[in-house]
Amino acid sequence: MERVVVVGAGQSGSALVAKLRLEGYTGAVTLIGDEDEPPYQRPPLSKAYLLGELEKERLYLRPHAFYAENEIDLVTGTAVTGIDRVGRAIRTEAGDYPYDALVLTTGSRARALPDAIGGALDGVVTVRSLGDVHVMEPLFREHARVLIIGGGYIGLEAAAVAAKLGLKVTLIEQEQRILKRVAAPITSEFFRDLHVSHGVDLREAVGLERLLGEKDTVKAAVLTDGSEIEVDFVVTGIGIHPEDRLAAAAGLETDRGIVVDRFGRTSDPNIWAAGDCTVFEWRGAPTRLESVQNAIDQAEVVAKNLLGAEEPYDPKPWFWSDQFDVKLQIAGLNRGFDQVVVRPGERDGAVSHWYYGAGELVAVDAMNDPRAYMVGKRLVDAGRSPDPDQVADPDVDLKTLLRG
Ligand code: FAD
């Protein structure tokens, strides 16, 4: 294998090319991305960077010199428009790149509000890329009225930043509760209380009917409960689409994501994929993980498998979110849980929620409780399930759970 081409210069693509070199691969490596920036981390875009507390330089995943030093041909600002699977080459406006092995790390794109309800108005923004943040930065000024659509992590993080900066924040969630897709009711409750206590006007079971504009700029929003609110701008956080269009157009198997086997191989043996864009079978169900953990770990496994390791990918999911003064850390995946055990933390306001499914510990949400996260993660990763009564008892030292 003389030439590896990686499409998508984000978290996963950059981890993959670095791992290839670390594993001793000496062939040609090209990393192509459509953004103008070298690979950078996205999590701070809705947290410290949006708040203005992190310099742009700190977003980059690797020093700029890293790519040249490791003989990685980094091509930015170049969209890949097609894959010639027979001729083994990818197409870009700047020409074709031949490959022996191709890896798709195309990530995901933010779901957009339909134009028919005002999605195309000026002042309607989303948080996916550095470019997005630079568009929204001037809008985040004190006393501005912002409507945030969607009570998932990104919407909630943007709401927290806006409230901290002194904006007047309304957040709507069309489901019965925020974080419904990803967390138990008790975790939703924790974050609802947090936001309300910081002055966010948080409305659940309320969706967007339509946005109203004047001279193409958003001015107001009509909500599904019939109310109308005036706004200066709108942030949408209504989920993502895995970016599988290139793969689908090339005839690769896709199913709301690029379908890969447990080694990271697509339906074409010369094409692999990793990160947000993939869907794979894990613990008996099709699985898509939208996290830094998955982007890096899957990419590193794929890099090894490109070199013949035949190592299956067995994710050990973890995730985090920062909102106001709360750091949420999540270990595991709470799929299929039927019981949640609450454990008060040692510090004031610290608490953790332990998810069990059929008696098995599957995940832990730890709020300002790094010890609970650390112990919970070790237990979940090892497939061990402590007695829920012991977990709930603050007099039982967490460390004894590890011994049990
Ligand atoms: P990406 O990092 O999105 O990279 C994909 C790249 O491919 C992009 O640059 C894209 O433009 C490019 N691309 C796509 N198609 C083409 C094409 N045809 N040609 C060329 N280039 C192409 N995860 C956490 O674990 N914790 C968090 O707290 C957290 N917070 C987040 C906050 C925000 C605001 C966002 C947006 C995401 C957050 N995530 C978080 C998720 C995490 O950032 C993603 O899971 C991760 O970036 C996925 O990595 P990836 O490489 O698969 O995709």
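1. A residue is termed buried under 20% relative accessible area, exposed over 50%, and partly exposed in between, with a 1.4 Å probe and protein chains only. A120 counts as exposed because its relative accessibility is 56%. The model is predicted: local features need pLDDT of at least 70 and side-chain atom pairs count only at pLDDT 80 or more, while totals for chains, interfaces and linings use all residues. Residues are numbered from 1 along each chain as its sequence is written, and side-chain values use heavy atoms, with hydrogens and water left out.

2. A120 sits in the loop between β8 (108-110) and β9 (124-126); helices (H or I, at least four residues) and strands (E, at least two) are DSSP runs, numbered from the N terminus.

3. On the overall form, the protein contains eleven helices and 26 strands. Its radius of gyration is 22 Å, which agrees with the value near 22 Å for a compact globule of 404 residues; the radius is taken over C-alpha atoms, and the globule rule is 2.2 Å times the number of residues to the power 0.38. Along the principal axes, the C-alpha atoms fill a box of roughly 65 × 60 × 35 Å.

4. Of the 404 residues, 53% are buried. The accessible surface of the protein is about 18200 Å², and carbon and sulfur atoms hold 47% of that area; accessible areas come from the Shrake-Rupley method with a 1.4 Å probe, and for residues only the protein chains shown count as cover. Among contacts (heavy atoms within 4.5 Å) with a separation of 6 or more, 60% join residues 24 or more positions apart.

5. The ligand has 32 residues around it, of which S12, D34, E35, K47 and D276 come nearest; a residue is near a molecule if one of its heavy atoms lies within 4 Å of it. By class, this shell holds twelve nonpolar, twelve polar and eight charged residues. Here Ala, Val, Leu, Ile, Met, Phe, Trp, Tyr, Cys and Pro count as nonpolar, Asp, Glu, Lys and Arg as charged, and the others, Gly among them, as polar.

6. A side-chain N or O atom of K47 is 2.6 Å from an oxygen atom of the ligand. Polar backbone atoms also take part: one of V80 is 2.9 Å from a ligand nitrogen atom, and one of S291 is 3.0 Å from a ligand oxygen atom. The ligand taken alone exposes 990 Å², of which the protein buries 94%.

How values were computed:
A polar contact is a pair of N or O atoms within 3.5 Å; within protein, one must be able to donate a hydrogen and the other to accept it, and residues adjacent in sequence count only if both atoms are side-chain atoms.
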